[in-house]
Amino acid sequence: MVEGHRAIGLFLGALDEIGAPGYVAIGQFARLLDFYGIEWAYEPRAFDLEWDGEGRVTQRFTPDFYLPAYDLYIEITTLNQKLVTKKNRKVRRLRERYPGVHVKVFYQRDYRTLAAKYGLAALGSPEVGGAA
């Protein structure tokens with residue numbers, strides 16, 4: 001969880017103001033974790049995936065959430081398929097380079113299932129700024 005309830009409120013409020021579906025999904029997921037008392041951190045670590053010949057990082061991946069009690073990183077992916085494919089490639093590289101790191105990708109279908117189960121606004125609905 002982000003330090004202190006005030007910080008959590010500011011974080012979630014900022015995501016709401018952005019209004020993009022991916023950020024709305026992240027905010028809703030954070031609220032769901034809070035509701036169930038699951039400790040979380042938002043983007044606490046970036047993983048270097050590729051380097052150039054000079055040793056400079058050329059590709060990095062930063063999962064959305066870390067759940068310390070489960071030693072699990074969560075990536076929320078509710079974007080178009082082209083971006084999902086790119087993100088899947090990064091997750092695959094992360095698993096190859098950091099085999100001890102556990103990461104779960106929540107795809108749009110997973111998010112819609114959570115939204116339906118827990119009464120969250122579904123992506124593409126008017127509440128999230130999309131077409132119904």
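**A buried glutamate and other charged pairs**

Glu 75 counts as buried, at 2% relative accessibility. Buried means under 20% relative accessible area, exposed over 50%, and partly exposed in between (1.4 Å probe, protein chains only). The model is predicted: local features need pLDDT of at least 70, side-chain atom pairs count only at pLDDT 80 or more, and totals for chains, interfaces and linings use all residues. Residues are numbered from 1 along each chain as its sequence is written, and side-chain values use heavy atoms, leaving out hydrogens and water.

Side chains of opposite charge can pair when their charged atoms come close. A salt bridge is a side-chain nitrogen of Lys or Arg within 4 Å of a carboxyl oxygen of Asp or Glu. By this rule the count is 4 salt bridges. In one of them, Glu 75 pairs with Lys 87, with the closest N and O atoms 2.6 Å apart. This pair links distant parts of the chain: Glu 75 is in strand β5 and Lys 87 in helix α3, 12 residues apart. Helices (H or I, at least four residues) and strands (E, at least two) are DSSP runs, numbered from the N terminus. Lys 87 also counts as buried, at 19% relative accessibility.

Glu 50 and Arg 93 form another salt bridge (2.9 Å, N to O). Glu 50 lies in strand β2 and Arg 93 in helix α3 (residues 81–97), 43 residues apart. Glu 50 is partly exposed at 26%, and Arg 93 is partly exposed at 23%.

Arg 56 and Asp 52 also meet in a salt bridge (3.0 Å, N to O). Here Arg 56 is exposed at 51%, whereas Asp 52 is partly exposed at 27%.
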